[in-house]
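Let's take a walk through a protein model together. Have the sequence and the 3D view open, and pick out each part as it comes up.

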Amino acid sequence: MNLEGYYSTGQFAKLADVSVRTIRFYDRSGTLKPSYVNENGARFYTDSDLVHLQQILLLKYLGFTLEEIRQMTVSQTDSRHLLSSLRLQQKLVQDQIEQMQTVSSLIDETAAELAKCPEWDDFDWKKMLDLIHLTGMENSLASQYRNSTNLSARIDLHDRFSVNRQGWFPWLFSLLPLRDGMHVLEVGCGDGALWTKNLLPAADLSIALSDISDGMIRDARRNISASAPEADCFSYYTFDCSRIPFDTDSQDLIIANHVLFYCEDTAASLREIRRVLKPDCTFVCSTYGSCHMQEITQLVQEFDSHIVLSADHLYDRFGLENGRQILLQSGAFEDVEVHRYEDSLLVTQAQPLIEYILSCHGNQNRFLVERYRDFCRFVEEKVKDGFTITKDAGAFTCR
């Protein structure tokens, strides 16, 4: 039976230069389902499926597990995502190139040190341990990839559909008391959006960007280099904000944009931030309130009541309702002012909302893998006349 635009399993395997057994394995595991199954159970695939398969093969080549591939590609079943998919793949390749260049440099250094040491006991074995750690790389690339692209999906939804046209990052930037000669530290900088979405003032600044994720820092460096190649005021660090490797009283301004509710010990992180902040200088931190994006949770649970987008209510840990009290009780700050960001989302396109939902820290991918097309149709119906989402966010300025 010939269907125009469709390939049989054998034809599809030949087109992709893989075995029929591989195609059947991906079908059984739910990694790549056929676009059409006839009444006799014969499977048929399309060009869109071929794009999806190529992405799967690349991720497999890069060392991801089947479960990780399934989670990362669940939203890639529509050909509209081809460009996005290619860009994400390019970033993965860039990450591997950077890591392999680091490995290559360390091999050269290790070999040179070995050549200079007549006795094994004189050799600095720490270099060899560093080399083993780098070449192992474990699963860090996978988690960094997910974190970075998930953040991009969340920012994109706000950028495209916010009613307040000023935008979150320009609004937050307006709270920063920037002036000549300042040393600025942003903890949890993500992909550097606070700086790429704002024009830097003419002030002579020293800006340290930090994140707990190496992948985020790589993205921040790339993004800032692309948007402001002449800017030489940035430096980049990877560390946990509860252990900041800076001197006491060394920073004029510290920023924590949607970070504190992720800290294991918020009080310890606040004390560390206060330690490195100069007396009478400013700490700016942002967070959400309890109503933030509540309509998205309602939407997914209407589709499937088993879906939980986040097991944690982050605003309970540090939110607009309790943040001022937490900041004052920490003993780190005496003067805390609350600023609320007035905004909402009016979403008129399904795909950005779907990508936002897939980016959340929940169990949604487990329930949407098999029902992705049904979910797309469900969301498209919801947004056809505009879908309003509450935004409940703001910031504290502390001294």
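Start with Leu185, which stands opposite Ala208 in β5. On the other flank, in β7, the bridge partner of Leu185 is Ile254. Keep in mind as you look around that this is a predicted model.

With strand β5 (residues 206-211), β4 pairs in the parallel sense over 5 bridges. With strand β7 (residues 251-257), β4 also runs parallel, and 4 bridges join the two.

Now zoom out. These strands belong to an open sheet of 7 strands, in the order β6-β5-β4-β7-β8-β10-β9, and the pairing is mixed. Which strands sit at the edges? They are β6 (234-238) and β9 (336-347), each of which pairs on one side only. Going from one strand to the next, the twist averages 15°.

Over at the β9 end, the pairing with β10 is antiparallel and has 12 bridges. If you want a spot to check in the 3D view, find Val336, which stands opposite Cys398 in β10.

| Strand pair | Direction | Bridges |
|---|---|---|
| β4 and β5 | parallel | 5 bridges |
| β4 and β7 | parallel | 4 bridges |
| β9 and β10 | antiparallel | 12 bridges |
| β1 and β3 | antiparallel | 2 bridges |

Two residues in the loops on either side of β7 deserve a quick look. Asp249 is found in the loop between β6 and β7, and it has a positive phi of about 55° although it is not a glycine. His258 belongs to the loop between β7 and α11 (266-276). His258 has a positive phi too, about 50°, and is not a glycine either.

His258 comes out at 16%, so it counts as buried, the cut-off being under 20%.

Some rings to look for next: Tyr6, Tyr36 and Phe44 form one aromatic cluster.

**Aromatic pairs**

Across the model, the count comes to 19 aromatic pairs. One of them is Phe318 with Phe396, an edge-to-face pair with 5.8 Å from centre to centre and 70° between the planes. Phe318 lies in the loop between α13 (314-317) and α14 (323-329), and Phe396 is in strand β10 (residues 387-398), so the pair ties together parts that are 78 residues apart in sequence. Phe318 is buried, at 0% relative accessibility, and Phe396 is buried with a value of 0% as well.

The rings of Phe375 and Phe378 are arranged another way: their centres are 6.5 Å apart and their planes meet at 20°, so this pair is stacked. These two sit 3 residues apart in helix α17 (residues 372-383), separated by about one helical turn. An α-helix has 3.6 residues a turn, so residues three or four places apart point the same way. Both Phe375 and Phe378 are buried.

Last stop: helix α12 (residues 294-303) packs against helix α15 (residues 350-359) at an angle of about 90°, with the axes 12 Å apart. That makes α12 roughly perpendicular to α15. Which residues make the contact? From α12 they are Ile296, Leu299 and Val300, and from α15 they are Leu353, Tyr356 and Ile357. By type, the contact has 6 nonpolar residues, no polar and no charged.

Helix α15 is mostly covered, with 9 of its 10 residues buried. Among the buried ones are Leu353, Tyr356 and Ile357, the α15 residues in the contact with α12.

Technical notes
Residues are numbered from 1 along each chain as its sequence is written. This is a predicted model: local features need pLDDT of at least 70, side-chain atom pairs count only at pLDDT 80 or more; totals for chains, interfaces and linings use all residues. Side-chain values use heavy atoms; hydrogens and water are left out. Rings of Phe, Tyr and Trp (its six-membered ring) pair if their centres lie within 6.5 Å; planes under 30 degrees apart count as stacked, over 60 as edge-to-face and the rest as tilted. Buried means under 20% relative accessible area, exposed over 50%, partly exposed in between (1.4 Å probe, protein chains only). Two strands pair if DSSP finds at least two bridges between them. Axes are lines fitted to C-alpha atoms, for helices over the stretch in contact, and angles run from 0 to 180 degrees between N-to-C directions. Angles under 35 degrees count as roughly parallel, over 145 as roughly antiparallel, 65 to 115 as roughly perpendicular and the rest as oblique. Contact means heavy atoms within 4.5 Å. Ala, Val, Leu, Ile, Met, Phe, Trp, Tyr, Cys and Pro count as nonpolar, Asp, Glu, Lys and Arg as charged, and the others, Gly among them, as polar.
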